[in-house]
Amino acid sequence: MSAPVYQKTVSAPVNIAVIKYWGKRDVGLNLPSNSSLSVTLSQNDLRTLTTASCSAAFEEDSLWLNGAMESMCESPRLSVCVRELRKSRLELEAKNESLEKIANYKLRVVSENNFPTAAGLASSAAGFAAFAQAICALYELPWTPTELSRVARQGSGSACRSLFGGYVSWEMGEQPTGADSVAVQVAPVEHWPEMRVAILVVSAAKKGVSSTAGMQATVATSSLFAERARNVVPQRMVEMKNAIRARDFASFAQLTMKDSNQFHAVCLDTTPPIFYLNDTSRAIIRAVESINSSVNGYAAAYTFDAGPNAVIYFLEKDSDLVLTTLRSVTQNAEGWEKADFKPVESSEFLNLEP
Ligand code: ADP
Ligand code: DP6
Ligand code: CO
């Protein structure tokens, strides 16, 4: 008889930061230099689907990501998450005699992203949130989302925020162990039912500089970076939380765009400079600026992660204005795809790739 296979499947959504995490104060523990804040999109939209299984028949820990195999022992980020989860399962098995002894079986994790991987649409966030969650489910660990966020954070910092819905902060914490560096929900998605998001896929290509490598180069070489982490972000975190609590779209939009721009300025201040935005990204920035001028205020906010793809936040009442303008600006792009996405409440997914 062949050895039994134990298996669990989960899915985790992407989150897109409006106050960006960029820079580590401790690379080993993956602790950030500043707190950050994001909006978690809906599971129906950009998401990772992950199945974790284990069996006495498996010979090594492995991850199949979008159909390609990676050995887990060669990835310190994957290994650190597995180590913590496995340790917990071992403790659980020691306490509870009736539990199956599966902790030392090798793991096989199969994961698919339904959106471009490593292109600046937070694949590492959804990816590592799903990875930690799937193994936690397989091991039947009685963990809270906060405990899980501490493990996911060590895989990829932004992943800790994908364990909560709605508006989520990642508090940088003070402890050298990172015990207090976890995600916290600022407000649930229902708090702001009018919020919408459009994702503009400018390029699905893998980025030239990964987020991990990019931020380490920034910490090592940018003098603007220290100013941002120390003197800009702490105040912005307070203002952003206030804007969200008050459902103040004008403040939310101003802070979101300023923070995206400062993050890309810090990338430019890195040696050698990192260019994540391209001409299409800049055309989108100008289009949003023109939308906002036309209303003498704020109807839309752009933000770009470490890649050229744009994420636009707006309110339902401004949907026609925002989407019509964005379409006209990008009308020369081929292959637009409009899916009925519902990231925050409902949104648009526009494929601008040539
Ligand atoms: P992104 O902007 O997409 O988050 P990053 O440079 O931060 O790009 O991270 C990309 C890396 O994250 C990938 O090369 C891969 O190692 C990891 N990753 C992406 N998706 C998954 C997944 N579903 N499961 C595990 N790891 C993933
Ligand atoms: C620009 O979380 O991908 O998307 O911790 O090294 O995996 P690692 O980095 P990652 O960085 C995300 C950077 C960002 C901003 C953000 O999501 O806050
Ligand atoms: Co990432």
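This is a predicted model: local features need pLDDT of at least 70, side-chain atom pairs count only at pLDDT 80 or more; totals for chains, interfaces and linings use all residues.
**Entry: alanine 132**

I began with alanine 132. I set aside residues up to four places away in sequence and listed what alanine 132 touches: Cys81, Leu85, Leu148, Val151, Ala152 and Gly155.

Next I looked up the largest nonpolar core. It has 95 residues. Ala132 is among those with the most contacts inside it, along with Ala129, Ile135 and Ile312. Which helix gives the most to this core? I found helix H2, residues 123-138, with 11 residues.

**Entry: helix H3**

I moved to helix H3, residues 145-155. It is mostly covered, with eight of its 11 residues buried. I wrote them down as Leu148, Ser149, Arg150, Val151, Ala152, Arg153, Gln154 and Gly155. Leu148, Val151, Ala152 and Gly155 had already turned up as contacts of alanine 132. What covers the buried residues of H3? I noted that the cover includes helix H1 (76-95), H2 and strand S11 (183-187).

**Entry: the two ligands**

I took ligand 1 first. I counted 22 residues around it, and Ser123, Ser124, Gly127, Ser210 and Ser211 come nearest. Strand S9 (106-113) and H2 are the elements that give two or more residues to this shell. H2 gives the most, with six residues. I sorted the shell by type and got nine nonpolar, 12 polar and one charged.

Then I turned to ligand 2. Here 15 residues surround the ligand. The closest are Ala17, Ser156, Gly157, Ser158 and Thr212. This shell divides into five nonpolar, eight polar and two charged.

**Entry: the five-stranded sheet**

I traced an open sheet of five strands in the order S1-S6-S9-S7-S8, with mixed pairing. Its edge strands are S1 (5-13) and S8, and each pairs on one side only.

S1 and S6 (residues 47-55) run antiparallel and are joined by nine bridges. Lysine 8 stands opposite alanine 52 in S6. I also checked how H2 sits on the sheet. H2 lies across S1, S6 and S9, and runs at about 145 degrees to S1.

**Entry: the four-stranded sheet**

I followed a further open sheet, made of four strands in the order S2-S5-S10-S11, with antiparallel pairing. The edge strands are S2 (15-19) and S11, each pairing on one side only. The twist averages 35 degrees from one strand to the next. Four bridges join S2 to S5 (residues 36-40), and these two strands run antiparallel. Isoleucine 19 stands opposite leucine 37 in S5.

**Entry: cysteine 73**

Last, I looked up cysteine 73. It lies in the loop between strand S8 (68-71) and H1. Is cysteine 73 buried or exposed? I counted 12 other C-beta atoms within 10 Å, so cysteine 73 is exposed. The cut-off for exposed is 12 or fewer.

I left aside neighbours within four places in sequence and found cysteine 73 in contact with Asp61 and Ser79. Cysteine 73 and asparagine 261 are 188 residues apart along the chain, and their C-alpha atoms are separated by 37 Å.

Notes:
Residues are numbered from 1 along each chain as its sequence is written. Chains are lettered from A and ligands numbered from 1 in the order in which they are written. A residue is near a molecule or strand if its C-beta atom, placed from the backbone, lies within 6 Å of it. Ala, Val, Leu, Ile, Met, Phe, Trp, Tyr, Cys and Pro count as nonpolar, Asp, Glu, Lys and Arg as charged, and the others, Gly among them, as polar. A nonpolar core is a set of buried Ala, Val, Leu, Ile, Met, Phe, Trp, Tyr and Cys residues joined through C-beta atoms within 7 Å. A residue is buried if 20 or more other C-beta atoms lie within 10 Å of its own, exposed if 12 or fewer, and partly exposed in between; C-beta atoms are placed from the backbone. Two residues are in contact if their C-beta atoms, placed from the backbone, lie within 7 Å. Two strands pair if DSSP finds at least two bridges between them. Axes are lines fitted to C-alpha atoms, for helices over the stretch in contact, and angles run from 0 to 180 degrees between N-to-C directions.
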